[in-house]
Every structure is written in structure tokens, then in C-alpha cells.
Amino acid sequence: MLELPLSSGVTALVGRNDSGKSAVIDAIRYALLTRDLTYIRVQPEDFHIDASGAQADEIFIRCQLSDLNDDEKGAFAEYLTYNGAEISLIVNWSARRRSESPSARRWVDVSVRSGVDGTGPTFEASVRELLSSAYLRPLRDAAREMSSGRGSRLSQILANVPEIGQGEAFDENVLPADPDAVSKLSLLGLADYLRHSVKTHQGVSGAETAINTQYLSSLFLRGDSLQGRIDLTEGGSDANRLRRILERLELGLFEASTSSARGYYGLGSNNVLFMACELLLLGREPEGLPLLLIEEPEAHLHPQRQLRLMDFLGSAAAGKVKESARAVQVILSTHSPNLASAISLKNLVMLEGGRVYSLAEGETKLGAGDYRFLERFLDVTKANLFFAHGVIVVEGDAEALLLPTLARLLATDLTEHGVSVVNVGGTGLRRFSRIFQRSDEASPSLSVQVACLADMDVMPDCAPTILGLVTGDDDKKWQSPKRRWKAMRDFGGNDKAREQALTERRKHLRASDGQSVRTFVADHWTLEYDLAYCGLAEEVYVAASLAKNDAAILEKKKTAADVEATAKTEFEQLAKEAGEDRAVLCSHIYNLFHSGNASKTIAAQYLANALTSERERDDFDSAKFARKLPRYVVEAIAHAVGAALPAVPTDGIPVVDADG
Amino acid sequence: MADPQSVIPQVADEDVEWIRGVMGLREIDRFRQEFLRARTTLDVSACPGSGKTTLIVAKLAIMAKNWSHRTKGICVLSHTNAARGEIQRRLCGTVVGQQLLSYPHFIDTIHGFVNRFLALPWLNSNGFPAATVDDDVTSTYRRRVLGHSEYWKVENFLRRNHSGFDRIRVKDRNLDIWLGDRPFPARPSAETHQLASRAVQASSHAGYFCYDEMFVWAKALLEDCPSVATLLQLRFPLVIVDEMQDTSDLQVGILEAVFPRTGSDVSLQRVGDPNQAIFDGARAGTAVPGGFPDAPTCLKIPNSFRFGPAIATLASPFAVDAAGPDGLQGVGPRPVEGATDFCPNALFIFQDAEARGVLNAYGHHVLSCFGDVALAIGDVAAVGSVHQDASDVTAGAAQFPKTVPHYWSEYSAEVGSSDPHPRTLIQYVRVARAVVRDGGDLAPGVEKIASGLVRLARRAGGAGLLGKRAPRHRAVVDALSRNAEAVSAYRRLLRAFLIDWETLSAASWAQRQADILLVAAGLGASGTASIIADEFLGWDPNDPSLAVRAATSPQDAGPNVYRVEDGCGRRVDIRLGSVHSMKGQTHLATLLLSTYWHEHSAKRMLPWLLGERTNLSGAGVQDRARLQQTYVAMTRPSHLICLAIPRTVLGEDAALTGHVATLKERGWRVADVVDGAASWYS
């Protein structure tokens, strides 16, 4: 049983392929029907097949409509369910398989009933029609939908526009005297007028007379009273005639400045037109369920138009569109990070692993402030997290650049694993990860593996002096309340106390871990420092030097090779000076970013390039390389991928439990 | 809120003309036009034979034709499905007819309305299973809950209190019980009370309810969610209640709660005839509840198409509420071949102990008034207010003639019951055959048999899966679909009863038992032994369809039909019954028999008969019911009304002479009945 609470306004179903977005839309379509009057025939494959291969005999769909206004409650009075003061309409759709073969007559029994558990009355056809939703199928051919022809969507839409029947009838005996009188005619009146004019047209009437007097009269026997008549094919009831007039209309696009049609417009433009049309109808109809289902509204639209479309859907949902009397509820499915980022987070529903995860307030661990924050900062560059198998949330561009490369060097391709690296900049690491945490711990959690990569931000005690933050161990700045940085000595006087305090700090950084979210904290300070400290000291130093000289290299004042060679010499010197003390060496390396103004991002790029070419070398060994990496990085990648890394020998990475 | 006036379409002259054509109506006079055009709340008091139901259908057709709302509809409520039947008959095949019978309109009984919009939604919302509403089935269920000895403990106790187990009803939402309309005659702690409560609780939680109990749940919804009234008012801007005079206090209570006459936007149009309110029971003799008709808004339709001015004049004084400013008017009758429009309405005076001769005298008078063509088409009836057996009162007793059988001893009130609801399965089969025979269409007969089988299964605790879905046949076939044996048994039964037309006898019925049991089991009934023991399945020689047929084609001499022959080959069949059973009917000729209820009815009615009193003036409390009974009886015939009056009522000598003179002056032909023949006063 899958239960999906929906809110008013726009709801977007997001998720990967085959996550069940269309199944949700289909369920609503089956239960409520759609306005295009497509006949819904239950297919054999609609019945669920479980893991053992057995197929279910029944399908059950229940739609509960709440927040009805009084008119709607009146309209569905006999079908309502009363739960205290809360009145709702429940549609229970069920299909029971009666035979194996769909070719048998009545092979499946469908019943649509109201009430709790479907014990209320069966819905009459006309009532189901009122409940039917507007549905825009994926990969729709909007141009065809909008073109003329029998049963065209446009004619259906127009037939439902309340004003379509207005105007005066045509009276053969009182011909319209002037254009003004003509303009007062109804559509049917106009058609009658045309028909009348055709009949009285000289050519037509002449031909008719000729047929009757010159041919028929000489072929028939005396007493036969048949007469030929030339006429437009019309007739039938007024409703039928109107339908046929409407079917001849088509909606096209033209250039507004010249008012001329310039051939066919693209799929995207027609698509927008089509959606505008459906919304027009939904918003203006005085009754019926104002529900619009759109699969992949992004189809054929470029990103900016997608954003415009979302804005428009949003205002239609709020009932703010001009000419529209009421708010429309929109349920859409999308693969587009563009759309997903444009929709308010609380209106998103993630589908994954056969389950739905609403991101509405209260459903996730996100607080009210988180929603406000994410509304601002969850942009298109981050919105692909909704579609990922795994997510690595990082705090900077350097991490974002480096991680895919590091993963590749560990023989693991993040793209291949559907892992997105989301860079949240300096802030909001927690806020983003909370998207993936359900408020109800007992309910199933998302299986998307989320790894947060966090800096430890604790310098070795030698670093502040090397970085020039203080002049020595006795500098007064150590005591300054304005000091933003932390060093080891801040965590206690002896090793034992320090270790305890550092563990505390790690714990704190991991405080909101849980469900599939885990935070991986640097062992020492930052990614760059830790990379250098762990085994890539020279590589980081070279990359930082290249970054420092990046402008000069670009301006061809220096060559990369020269800078690299110089850097290597400098590094040897530094290493010699530092001796056994890696903290001193790495602090000096890190100083390039601090005092030397090397950009971390550019350095990351150089480092990524250098490491990639390292990989090309014949003697490259992933396992060996893994030992040069800080273990928290390796662990983070492994967590996001959801598996042990092929290149990493299990003994190479000490298993760290969540508490550190 | 929307103004209902904007929702209810206006009626134009063309609309009136249109419906006149569609329904083949005569000219529609101003009274009727006023009703057709009315869009606001009003009461309509329509005299007998005014074509009330036809008029309502005409109005509905016009409304439906011009109705533009998809979610708001017209609600028509009555006691019977007469309006629905009339729509099906007169507007079948038309678009408006189809529209009226489906969403968003609602045309049904008051019970149907209460169930659909109030009671069932409440039950459904409060966790009760799909409801089965049927007095008989529910009582049977409750009986089974208790088992034999406990059931008889309660039944015997209640019988000693002049009631019975099947009159136990749920009284409120806490499932407290009453006995009909009075409290249970034992303390709640008493064993009988406890047992009865247990039975009622079990049946309620299984979803079995009696008809009247649905009002309890309707009230529960109105209490829990008072806004439901507003919703229903929005849904039904126009509500028409037909036969308003026969609504019970319970029904009026709900109607007023949902569709108040004032203070809401609903146009409530109540139609009825206060003069014909003769439903028996506790309310006999009291005014119609709900203050119907409300004098200031009342539109009176005083002219009847049924009869001419003569009958109208004679019946008019008996109206409790004057039919119009000039009393009851007669603008009929429809010409009938072999009948004159001016039949001598006759008053038969008989020696009190000699009531038997009256029917003969009446029969001969009828034969002299009408040709055989008229008699073949028309219905000749004799009616009395009291028709139950009273064989303890014999000729010569002061109360004699007390009841209809005193005029003809072979009369039986049981057979005369107009309720065709079969009591046994074999009766379902008979009714099914009668329906097929009369209508020539198999489907309604199949439905009847299917209903009977479902009821049998229900009595044995089955058919729960079926729900309330109509049509029954479809439901049975669906329920049996996975049970090939039961399906073929079911088809064998239909074939034997309705196609092969098997002769029904105790022996042939016994042969069908096996198939019937198969179907019952297929529908989920349990316990073959108890089904066989069930009286519902037993052989029953009574044929209710005869009574049904007698009502529709009076030519067949059946039970309660008294035949008079003139010795020259002509004859007339007189159908006897209670006034109540003849409500709504039209006869060629009607004889009202004097009966006794606290007093001889003719005696109490004499002042009105003599023209000394009219309407309610000077009427005693009990006279109200007598007036209504007399009025209903006297407005049945299209051509001839006759009265039978015991001699002593008119007094002796001078008084008698004077009364006879007055009666003749008022338009009656008066005769003494001597040896079964009329001796006319000159």
C-alpha cells in the first residue's frame, strides 16, 4: 500500500526513471478519469507482480478529496464521508481479475464506489465525469492536439467554455442588415447564415436548377416528385452542429508583431499553448474537479521557458490567473532539475524504491527555517540531488571538483553510480542533508545514500605561526575573543584530554546523522591539508603553486612546466626543513592558500589534472593510491556509492563506526 | 449563497405548450399554469382527480429541459415511487426523461432520500458495514442472534405486552431500543431488555437495519454535522414534496431540518390534498404535520378532471379544508362509451340487519346506468372505512353493520391488502410470473425471482457480498460467477418458472428445492437445515398475484370481488376493499358502505350529507377522520357515487320523510333496499 498526501497548489513528483512517477499519475487517471475521455482499459500488466513472480488479482486505488467548498459538497452530497467536522469525498477504484486472458469478455471487474472502504454508493457516470481531471500525457504531440478534426481536444475545450453558445440565432426571414448584426450572431447562427448564403449563391442555385429542370425531370417518370438540392452538409441537433463547427477550428501560433503565421512552430511552443488552453478551461469551468495532471511538463521546453511555466502553474494553482475563477490543483511528474528547483520544496514528492516521500513540512527533519533557506539556495545546480542514487554534499568548489576524480582513481565512477556531488558552499550542509531524513524514524527511510563531507577545521599547533596568524605561542591573539580559527592546543593540555575533546567535536559535527545520511569529517583540518598530510603533499604543493601562478601562466608570462619544476624544488627544500614533522610541512603547504593567495578551486583543478595523468601511467595502482588518501574521503565515496570500493583493500581502510 | 431564482429556470409560454404536446395533455388552466411556473416556496392543495402527479411530471420535464446546472438538481420526494413511475411511463425515450432520472436530480421516496443523503453516509463514515435495510431480514437476523429459547423468552414477554419481537426498533445512536413508538416495557436491567439489546447491537454492527431506524442515523448526521443541511440546500435549489398530507411526524421533522420553509434559499413546493390524509395509525384524525397547507402561500387546484359537477357538489362539503373558494369543482369526466355524464347518484337505505342486499341493489343500479363497454373498461367498487373481520358482531347488534364483511361475508381483509410484497419465495415466483404475464417482458420477472433468492440467502446470513446494488439479477450472476454449479442451478430455476412455465404445486416446488439450496449456498447462506426449515422457503398455496391482478384488471372475478348478474346475461363485478386501499384510484362507480368506529359513520356524517354542515365546522375530533374517509371515497368515481345508509340513521316517519326530501333536493336518488332490490322513492 502506497499512501501519498498531497497539498493544494502544485505538487511535483520527482525521481529517477522507473521510480513510479507515472504509476502515481496513472492511478489518479484510473480512479478519476480524464477529460479527454480516453477510454481506460485495464491491462494485464497493470496487476502487480511480486518478487516471487506471482501476479496480484486485485488493484485498489483510493483518492480522497478534501477541502471541498460548500457547492462541491452539495454536488457530491450522497457520496461524502463525514469525519467529525471534516467532510471529504473518497473515490475507491478497484479492479478484480476474473480470468487470465484479457480477450475474455469482462475479464476484469471494475467498480468505483464512494465512502470509507468503498461501502458507499457506486459513482454514476455523470458524477465521474465531474471528477475527471485534465491530463497532459508525456511526449504529447501538442500541435496535433491543437489541430482541427473529429473529436479534437481543442473542440472539447471550446465546447466547455461557457460563452461558446452565446449569440443570436439566424433567421432566414430577417437577414442581418449590416456587419454589426452579423457580429451578434451565435456560432450556429453564423453557420446558418453561411449556409443560407451558399444556397442562394448564383452559381450554386443555378446548378441546382439545372440539375432539377434539365436532367432529373427528363429521367423521372411523370408523378415522381423527387428534387435535387445542393447544400452544405449540416444538420442534426444543435449540439451536434456546434460540435462540428468547433471541430473545424484549430489553434495556431503567429508572430504577434506581424500577425502572420510563419509556418509551423516548434513542439515546445505548441506545448505551452496546449497547457495554456487546458488551464484556461480548468480555471473557468464553474464545476468539476480542477485538477491538472502533467507528465513531464519540461518536454520540448528550454530552461527559461520551463521556469516561466512553473511560475504560471504556480499562479494558476493559487487562483491568481486572470479570467480564472478558481484555483487549480496541479500534479506533475518531472525529471528536470530546472523545474524541481523552481518548485517550493514542500511541494515536492520524491519517489524511490516503490515508496513516496513527501517533502512537506513535518514529513522531513527540515525545520521551518530550513525551508526558507533552501527555497533561496536550492537552485538548479543542486536540484539534481532529487534524482540521484547517492549524494555527496560538499562545502566548496575544490571538493566538488576533486571528488569525482578521486573516485575515478579509486576505480569508481560517480556518474556511473548515479551519485551527484552537490556543492553547498560555506553553509547549509546540514540543511541539505535533512531533505533526505524523514521525521518519522519508524517509517521507511530513503535509500539514497547521502555523504556529507565536512572539514575538521582544527590546525596543528604550529600552523597559526606559519600562517602568520600569531607571532608565536605567547601571542596575545591566542586569547582574542575575535579569533575564528582553532588549533590543537585549544582542545586541552594533554593528549588524553585533547583526544577526548576532538572526539566530542567530531561527534558534534555528526550530530544530525541518521537514516541514510552520514557525515564524514576530515581527520585534521581541511581537505587540502589532509590530502597533503596523508600522502599527496608534493602533489598538493605543486597544484597550489600552479594555482598561485595561474594568471601568469595564462598570460604566458610563465610556463606551467617551469612553475612545476620550481615548486618541486621548493617542496624538497620545505620537506628537508620540516624533517619528520609532517604537520609543519603541511602547514607550510597550506600557507600557499592562506598567505600565498592560491585559489583552492584552481589548485583543485590542477591537482585533478595531475592525478588523472597519474592514472594514465602504466604502473598506476588504485589500491596503493587509496592508501595515500585520507580515509574519510574514501569512506564518503564508499557510502555514497553504497558499496565497498573495488580498488580499496578492506584492510586498507580501518572501519570506523559512526561514533568515531 | 446563490439565489435559487437564478438557478431555477423560468417557464415560458412555449414551454407550457411544448409539454402539453409531449405529454398529450388537455388545456392547462390558470391554477395549473401557476404551479408550472412557480419558482418560489409554496404549498399546493390539489383536489382529487386534479392530475397532480401528471402536473408534477410536466413541471419537472419543463425544468429539466431548461436546466443548466450539472451539479445542482431537483429533488422530488414522495411516499411511493409514483412520480418516478410516471416519468418512466410518460417521458420514456425522451432526453428530459432520462435526465430527470439521473444525477444531479433525485426523485425517490422520503425514505430513499434519508437513506442516500443522510443515514447511509453516516453509517458508512462511522465504521458500519454496507447496510441492508429491510424490516423482515433484520428481524430474522436478530432472531438468529438470540437462538431459539432466548428468542421465545423475549417474544413471549412482548406478546403478553400486546406487541412482538419484530417491533423492536433502535431508538437512538446509542442503540437504545424501543418497541415501535413506545418504550421497551421492561427496565434496561431486565433479562428480556438485555436480550433484545444484544440482538439489536449484533444486527446493527452487522449492518442490518429496519426502515424506520434509518431516521436515527439521519438525525445523528444532522447532529454531528449540521452543515449537511446547507450542502443539501445548495445541491437542491428546488424541492417538491408530493403527497405531503401523508408524511409522518418523523419525516416532516427531517424534511424541516434539511429543507426549512423559511430562512433558506431552497424553493420548497409541497403538493398534496389535506382532505385525503387518511393514513391509519396513531395520527388518524389529527391535522397534517408541518402545518400543511400553509394558508397564505397555498395554491388551490379545486377542479377535478375525474368527475362532473354533480359528484363534486355532493363530495365538496366533506372536505376538511375547502378545495377552493367555491368548493370542489368537477370539470370531468372523460367521455366513456356506454356511460352518460349524468348518472343518478344513489343513496341506498337498508334495514340495519339486512346489509347483505345492498351490493345487489348497487349492482343492478350500476347495470342500469352503464353499457357493457363502459363496464369492461371501468372499475366498479364498494368501500368501507372499516374492513377487518368482526364476526363477533352479528346482525341485530347495535354496531351492525360494523365492517365491510358484514355486507358480504366472503370478504377477507387479508387478501385485500394492496401490499404485493411477497412473504415467501413461492410468492416471489408467482408475482414474477404475474408481472411477466401482464407485461410480456421477462426482465422484471427475473428481477423478482432474483430478489426472492437474495432474500432467502439473507435470512440465512448470506448475500453479504451483494451490497445494495440493483439490479438484483446482475448481482446474483456476479456473486455466483465463480461457482458454475450454482449458476446453472440459477438458470434452471429461471427457465422452469418463467420460460417453461412449470405448473406450481407442492410437489413441483419440492423438486426445485435442490436448485434453490444450491443458489442460496452460492450466495453465502449457511446451514442447509435451517434454510429448509425456514417458512420463507415453504410451499404456500396463497397466490398474492391474484390480488395484484384484481387491482389492475377488474374483469377477473377474484377474491373480494362480488359479482351481480341481471339474469339476462349481463353482469357486473364489484371490487370490495377499504377506503385506504383504494386511495389514488379512479372508479367508474363507487359505493360507500357505512361502517362503525365509535359510531356509525353514516350517522356522524348525516349533517354534512344533508348540507347542514360543511368542512370542519361543527366537526368532533373523530369526525375529522370520518370526513377524510368519506371525501376520499366520494371522489373516487368518475360517473356514479352511491351511499349505503342504515335505516335507523335517518330516523322514523316524519324525520325520515324530511331527510329523504332534503337528500333528493340535494341531488340524490333515494331507494329502500328490499330483498336485494332497490325500491326508489318517487
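**Figure 1. Helix α18 of chain A.** Of the 22 residues of α18(A), 19 are buried, which leaves the helix mostly covered. A residue counts as buried if 20 or more other C-beta atoms, placed from the backbone, lie within 10 Å of its own. Helices (H or I, at least four residues) and strands (E, at least two) are DSSP runs, numbered from the N terminus. The model is predicted: local features need pLDDT of at least 70, side-chain atom pairs count only at pLDDT 80 or more, and totals for chains, interfaces and linings use all residues. Residues are numbered from 1 along each chain as its sequence is written, and chains are lettered from A, with ligands numbered from 1, in the order in which they are written. α18(A) covers residues 527–548, and its end C-alpha atoms are only 18 Å apart, short of the 32 Å that a straight helix would reach at 1.5 Å a residue (expected span: 1.5 Å times one less than the number of residues). At A:Leu536 the helix bends by about 135 degrees, taken as the angle between axes fitted to the seven residues ending there and the seven starting there.

**Figure 2. An open six-stranded sheet in chain A.** The strand order is β6-β7-β8-β1-β9-β10, with mixed pairing; two strands pair if DSSP finds at least two bridges between them. β6 (134–136) and β10 (355–358) stand at the edges with a single partner strand each, so one side of each is left without a neighbour in the sheet. Inside the sheet, β7 (residues 291–295) and β8 (residues 329–334) of chain A pair in the parallel sense over five bridges. A:Leu291 stands opposite A:Gln329 in β8(A).

**Figure 3. The side of chain B that touches chain A.** The contact takes 23 residues from chain B and 25 residues from chain A, where contact means C-beta atoms, placed from the backbone, within 7 Å. On the chain B side, the elements that give two or more residues are α7 (110–125), α11 (214–224) and α12 (227–235). α7(B) gives the most, with six residues.

**Figure 4. Surroundings of B:Thr595.** B:Thr595 lies in the loop between β18 (587–593) and α24 (601–609) of chain B. The residue is buried because 26 other C-beta atoms lie within 10 Å. Not counting residues up to four places away in sequence, B:Thr595 touches B:Gly384, B:Ser385, B:Val386, B:Pro401, B:Lys402, B:Thr403, B:Val404 and B:Ser601. The C-alpha atoms of B:Thr595 and B:Leu616, 21 residues apart along the chain, are separated by 21 Å.

How values were computed. Two residues are in contact if their C-beta atoms, placed from the backbone, lie within 7 Å. A residue is buried if 20 or more other C-beta atoms lie within 10 Å of its own, exposed if 12 or fewer, and partly exposed in between; C-beta atoms are placed from the backbone.
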